[in-house]
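Here's a quick tour of one protein model, written for someone who likes cut-offs spelled out. Have a look at the structure first, then read on.

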Amino acid sequence: HARPACGHRPFVHSEASVPSMVKNNYSSGRNEDRLASPNGGNIEQLWAADDSPGAHRGDMMPIYGSEATFNINTMLLENIRSSDYFRQLSVIRQWDELVDTIFYDVKPEFGCTPWLRGTHKAQRASGLCSGLRGVANAGKPTTGFILLVKAITMRPTMNQLRGLLDHPDSAYIRAIGLYLLRYIAEPRDLLNWFKPYLDDEDPLYLEGGPQPTPPPITIGSLARQLLRTLDFHGTRLPRLPVLVMRELEEGLKEWDAADMELEKLQAANDADEPPAKEREAPARPKERETDLARGRENERKKREEKEREKTERPKELDRPKLKEPEAGPTSPDKIAKETVDKEKDERSKSREKEDRVQRDRERDRERERERERRPGTNAGGGTRYAQIDHEREREYDRRGDDRRGGSGGGGYR
């Protein structure tokens, strides 16, 4: 590629040169910084005064949809905002500087897809605050998409966007212009924007990552893919209204054959190397095959001998079935049973004691009534002999004396 005419060279970024973030310091302030400034200090570009040439704030392109997320998938956007490279881009305030950064930093070996090939996983991060610390396992965004978010935060004008789409020095600058249109442009205007580029044959390596690298595609095929599909290399593009989708299908009919050939080529390229689970096992040596066959034959003979012994064995040689061992002293069932029995005994003893006390009281009351009916008693408590007899009876009851023919009470003989 030729060097851009503006000559700005802010800094060079490479995925291979930036170490992965493994900092595990929750008090580093990263969470507070992201809450205070989600875009990491990346704000609008420096606008020219109204009476001077340049980009004016009134000419900036409006964002269709959400101005907070730019209609980008949340997982992808959060990983972009978590990267240190995106925060370093906050020093760029001029549009020409951003274009030069795209020219130098977006390289064919890393591609221009949302995720760096081979790093994206479907599940979310499982670590505590891993997304905030920049070590999420969702994948690593490519430099191209990080610069795309930077371009959106700078709020380009219509002329600046056309400059991206028609840039003569790099196909990746043009690809980022197409991405920008797909995310923030009015859906009804997409076909008019994309029409001049549907037949463009400028090649680019869209997917980077480890070898073997997929074959290049053209700007025209990328533009048609952005208009036709919603699932784009591991992320989800903004949904389009049904009427707009029908209009796009009508406008892209003449390229149906070319897109089908491209899909077949990509499928054939994916089928060149089968997945690890479908690969054939390496051929075994003949000696190993012989040993395995011999082992299988021996196993078969052993099973046949066991079956024959079961059928031919005399019944008198069969051992009687052993009884199941009884529950031990520490068996849970036995412990529970002993506890229930113990509670029953205690309740029975308590009832017997209450009954005995009640019988004693009834007997005392009966004796009192009997003495009152005897002759010789008076209101003052009876004669002296009756009083002595009463005390003797109570003493017999306390001692359990059996001189009256009982074993501790039971009345007169």
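## Core, helices and a histidine

Setting aside neighbours within four places in sequence, Phe194 is in contact (heavy atoms within 4.5 Å) with Leu178, Leu181, Ala223, Leu226 and Leu227. Before going further, some housekeeping. This is a predicted model, where local features need pLDDT of at least 70 and side-chain atom pairs count only at pLDDT 80 or more, while totals for chains, interfaces and linings use all residues. Residues are numbered from 1 along each chain as its sequence is written, and side-chain values use heavy atoms, with hydrogens and water left out.

Back to Phe194: along with Tyr179 and Leu222, Phe194 touches the most other members of the largest nonpolar core, which has 66 residues. A core here is a set of buried Ala, Val, Leu, Ile, Met, Phe, Trp, Tyr and Cys residues joined through side-chain atoms within 4.5 Å. Buried means under 20% relative accessible area, exposed over 50% and partly exposed in between, with a 1.4 Å probe and protein chains only. Helix H7 (residues 171-184) gives this core its largest share, 11 residues. Helices are DSSP runs (H or I, at least four residues), numbered from the N terminus.

H7 also turns up around helix H4 (residues 95-105): the cover over the buried residues of H4 includes helix H3 (84-88), H5, helix H6 (158-165) and H7. H4 is mostly covered, with 10 of its 11 residues buried; among them are Trp95, Glu97 and Asp100.

H5 (residues 143-153) has another partner in H2 (residues 74-82): their axes, lines fitted to C-alpha atoms over the stretch in contact, come within 10 Å and cross at roughly 90 degrees. That makes the two roughly perpendicular (65 to 115 degrees, on a scale from 0 to 180 between N-to-C directions). On the H2 side you'll find Leu76, Leu77 and Ile80, meeting Phe145, Ile146 and Val149 in H5.

Now for His56, in the loop between helix H1 (30-36) and H2. His56 is buried, at a relative accessible area of 17%.

| Backbone oxygen | Distance to His56 side chain |
|---|---|
| Ala49 | 2.9 Å |
| Gly54 | 3.0 Å |

Leaving out neighbours within four places in sequence, His56 is in contact with Trp47, Ala48, Ala49, Asp50 and Thr157.

Lastly, Asp256 sits in helix H11 (residues 256-271). Asp256 is partly exposed, with a relative accessible area of 29%.

Terms used:
Angles under 35 degrees count as roughly parallel, over 145 as roughly antiparallel, 65 to 115 as roughly perpendicular and the rest as oblique. A polar contact is a pair of N or O atoms within 3.5 Å; within protein, one must be able to donate a hydrogen and the other to accept it, and residues adjacent in sequence count only if both atoms are side-chain atoms.
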